[in-house]
Amino acid sequence: MATFATATLLTLLLLLRTITCDDDSSAFVYAGCSQGRYASGSRYASGVDSVLTSIANSAPSTPYANFTAPTDASLAGLYQCRSDLPASVCFPCVRAAIARLSSLCAWAAGGAVQLRACFVRYGNDSFLGKQDTTVLFKKCGGAPGTAGGAAMRDSALGALVAEAAPPEGGGYRAGGSGGVQAMSQCVGDLSAKACSDCVSAAAAQLKAGCGYASAGEVYLGKCYARFWGNGGGGFSSSGGARDGLVGFGLVHAAFVAAFDVDSLYLSLSPAEF
Ligand SMILES: *[C@@H]1O[C@H](CO)[C@@H](O)[C@H](O)[C@H]1NC(C)=O
Ligand SMILES: *[C@@H]1O[C@H](CO)[C@@H](O)[C@H](O)[C@H]1NC(C)=O
């Protein structure tokens with residue numbers, strides 16, 4: 001099974017490398033699909049259509065919303081855009097995410113896709129309103145930094161955790177310390193307290209796992225956090241292949257954990273930045 005999973009992951013990874021999007025806000029980060037499947041033409045199929053259509057229709061007006069299938073109360077869906085971005089960015093991102101879901105997770109009872117500026121998830125696994133700090137994707141990169149840079153990173157991430165979450169739209173937070181910037185975003189179904197807890201877990205992952213890297217990002221089930229050096233030490237500036245390997249290993253670990261624990265995700269794929 002593990003060998004099959006690895007092969008699937010590699011296939012997806014290679015596939016995704018060839019369809020990298022130029023538009024940064026719709027750039028692919030990760031996706032996961034449940035193992036359970038539904039039949040074409042079934043009540044569940046029309047429920048998935050309904051939920052995804054509602055999501056697409058809502059994206060031009062608000063950065064977060066959730067929907068339940070009219071025929072099946074256990075089937076829910078939601079989307080979350082980075083809540084500091086305008087609808088002109090949110091809407092195309094959500095449309096692109098739905099297109100990715102339809103191709104990557106075709107017939108899967110549940111699926112999630114994270115693009116740069118938005119997240120879309122649907123399924124019947126009761127995820128709505130629940131905290132989830134499972135690590136789904138993690139990546140450290142940029143030019144090698146210093147102990148001083150790592151201290152600034154810790155302080156920038158600490159500022160995110162300490163910041164009172166804005167009441168609306170999933171609580172986008174941004175902060176900085178010296179030469180390091182940081183941001184975080186929760187999914188809007190979390191309470192302000194659950195969002196703070198999730199950001200705190202994300203910050204802890206980055207502090208513990210990114211060494212002296214000058215940029216990093218971690219995506220948990222219900223929030224994500226990123227940091228980068230002001231000097232432009234982003235991921236694209238150095239060693240893409242090496243960064244990719246870091247991400248790949250961790251995603252694979254996350255996949256194994258998810259598979260063992262609750263069988264939610266059949267596959268998770270790292271991004272090509
Ligand atoms: C979710 O839906 C799929 C497809 O209809 C089904 O196989 C699965 O048992 C359902 N899971 C739950 C928890 O209801
Ligand atoms: C789901 O959407 C409904 C209707 O907009 C809203 O009242 C509810 O608070 C939302 N639930 C969550 C968990 O976000």
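Tryptophan 107 is partly exposed, with 16 other C-beta atoms within 10 Å; here a residue is buried if 20 or more other C-beta atoms lie within 10 Å of its own, exposed if 12 or fewer, and partly exposed in between, with C-beta atoms placed from the backbone. This is a predicted model, in which local features need pLDDT of at least 70 and side-chain atom pairs count only at pLDDT 80 or more, while totals for chains, interfaces and linings use all residues. Residues are numbered from 1 along each chain as its sequence is written, and chains are lettered from A and ligands numbered from 1 in the order in which they are written.

Tryptophan 107 sits in the loop between α3 and β4 (111-115). Its phi is near 70°, a positive value in a residue other than glycine. Most residues other than glycine have a negative phi. Serine 126 also has a positive phi, near 55°, and lies in the loop between β5 (118-123) and β6. With 9 C-beta neighbours inside 10 Å, serine 126 counts as exposed.

Stepping back, the chain holds six helices and eleven strands, taken as DSSP runs numbered from the N terminus (helices H or I, at least four residues; strands E, at least two). Of its 273 residues, 46% are buried.

Now let us look inside. The largest nonpolar core has 69 residues, and Val94, Cys118, Ala202 and Ala225 touch the most other members; such a core is a set of buried Ala, Val, Leu, Ile, Met, Phe, Trp, Tyr and Cys residues joined through C-beta atoms within 7 Å. Helix α3 (residues 87-104) gives the largest share of this core, nine residues. Domain 1 (24-128) and domain 2 (135-239) both contribute residues, so the core lies between them; these bounds come from an automatic or database domain assignment.

Ala202 leads us to helix α5, where the buried residues include Ala194, Cys198 and Ala202. Among the elements covering the buried residues of α5 are β6 (135-144), α4 (147-162) and β9 (213-220). Not counting residues up to four places away in sequence, alanine 202 touches Ser184, Val218, Leu220, Cys223, Tyr224 and Ala225, a contact being two C-beta atoms, placed from the backbone, within 7 Å. Just after α5, glycine 211 takes a positive phi of about 50°.

Finally, the ligands. Ligand 1 is surrounded by Gly36, Tyr38, Tyr44, Ser74, Ala109, Asn124 and Asp125, and around ligand 2 are Asn66, Leu128, Gly129, Gly188 and Asp189; a residue is near a molecule if its C-beta atom, placed from the backbone, lies within 6 Å of it.
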